[in-house]
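Okay, thanks for having me.

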Amino acid sequence: MGLLLSILNTFTSYFAFNKYTTISEDKKYHKSCRSTNPNKLISYQSKIDNLKSSDIVYRTYVPDDKVSWSVSWSEYKPVEYTAPKLIQNKPDWADVQNPLDIKSWNVIDGKTDRRSHLGRYELIDGIPINPCGRTGVCGRGQLGKWGPNHAADPIVTRWKRDQQGNKIFDSETKKPILQFVSIRRLDTNEWAIPGGMCDPGEKISQTLKREFMEEATDCLGKNSESRQQIENHLNLLFENGVEIFRGYVDDPRNTDNAWMETIAYNFHDEDDTVFKELVLSAGDDAGSVTWMDIDHKLKLYASHKKFVQKAAESHNAHW
């Protein structure tokens with residue numbers, strides 16, 4: 001812990017001196033991954049690790065005016081946490097425990113893409129620092145990579161229709177109602193887009209389709225012939241996606257040294273030709289799956305509501 005805290009303090013002094021400005025000065029960042037009330041500290045995700053109540057990690061309080069690294073804050077003492085499963089199991093998809101053993105940053109390092117959608121991120125004494133500011137936790141948390149962790153989120157949509165196949169319009173906005181495929185996450189029990197992490201060396205187009213198939217059609221629970229039929233059914237849809245978002249994600253797993261970034265694509269089934277005969281089925285990573293009406297009252301995981309809103313607006317649908 002001493003090494004990371006020492007580096008963070010050095011980092012704070014460095015940016016205060018150089019008048020560096022981070023994106024996090026816009027307060028829309030770090031809502032999910034920051035304790036904003038000193039009397040109500042939020043816990044870092046612990047359900048996945050099955051921690052005892054006495055072992056639950058709480059984020060250090062970080063007020064709005066202290067998020068940016070450009071603001072000097074010598075008293076800042078974030079909690080250091082890396083999930084035990086990463087340290088003990090050492091999965092092959094995860095980085096080594098000591099970030100100083102990694103020599104290549106801001107580039108493609110073998111099969112690992114260490115570049116950020118935000119541009120070059122800073123390192124102090126060999127350790128990457130969250131470009132959007134303080135989070136109240138240092139270390140890797142539950143993320144496999146030091147620095148950026150890349151994901152892909154497929155927003156699969158269709159129009160809500162009545163039994164006769166006609167579009168259904170909202171009574172107030174007079175706009176057609178759009179639906180998207182949503183899964184309930186097992187780790188947080190929140191509804192979310194069926195996305196996931198990019199495998200090393202995998203193209204983004206492959207990640208988008210693979211994650212959707214695994215989480216929303218339960219293709220892994222079917223035989224090879226059934227999986228191929230599902231893939232063939234989805235091929236045309238996934239050839240015509242529109243990029244909705246690319247960048248940093250306000251994710252509850254983010255720390256001062258590891259953070260989530262994603263690329264979100266909208267795949268729209270305009271005439272319901274793809275999903276008319278394809279039944280949704282939750283995969284191993286999802287508790288359930290459903291077509292969910294898109295509306296401003298939605299409560300979704302991390303930044304997913306923002307992505308879904310962008311998709312709705314691109315189709316001039318109800319929001």
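So, leaving aside its neighbours within four places in sequence, which residues is Val-289 in contact with? Contact here means heavy atoms within 4.5 Å. The answer is Val-181, Ser-182, Ile-183, Ala-216, Leu-280, Ser-281 and Ala-282.

Quick housekeeping before I go on. This is a predicted model, where local features need pLDDT of at least 70, side-chain atom pairs count only at pLDDT 80 or more, and totals for chains, interfaces and linings use all residues. Residues are numbered from 1 along each chain as its sequence is written, and side-chain values use heavy atoms, with hydrogens and water left out.

Back to Val-289. It lies in strand β13, residues 286-293; helices (H or I, at least four residues) and strands (E, at least two) are DSSP runs, numbered from the N terminus. Val-289 is buried, at 18% relative accessible area. For us, buried means under 20%, exposed over 50%, and partly exposed in between, with a 1.4 Å probe and protein chains only. Ala-216 sits 73 residues away from Val-289 along the chain, yet their C-alpha atoms are separated by 6.2 Å.

Now β12. 12 of its 12 residues are buried, so the strand is largely enclosed by the rest of the structure.

Who are the partners? Strands pair if DSSP finds at least two bridges between them. β7 and β12 run parallel, joined by 12 bridges, and Asp-153 stands opposite Ala-264. β11 and β12 run antiparallel with six bridges, and there Gly-247 faces Thr-262.

Next, the nonpolar core, meaning buried Ala, Val, Leu, Ile, Met, Phe, Trp, Tyr and Cys residues joined through side-chain atoms within 4.5 Å. The largest one has 26 residues, and Ile-155 and Phe-180 are among those with the most contacts inside it. Elements giving two or more residues include β7, β8 and β12, while α5 gives the most, with four. A second, separate core of 23 residues includes Met-213 and Tyr-265.

Most residues other than glycine have a negative phi. Asn-189, in the loop between β8 and β9, has a positive phi of about 65 degrees and is partly exposed at 45%. Asn-316, after α5, has a phi near 55 degrees and is partly exposed too, at 49%.
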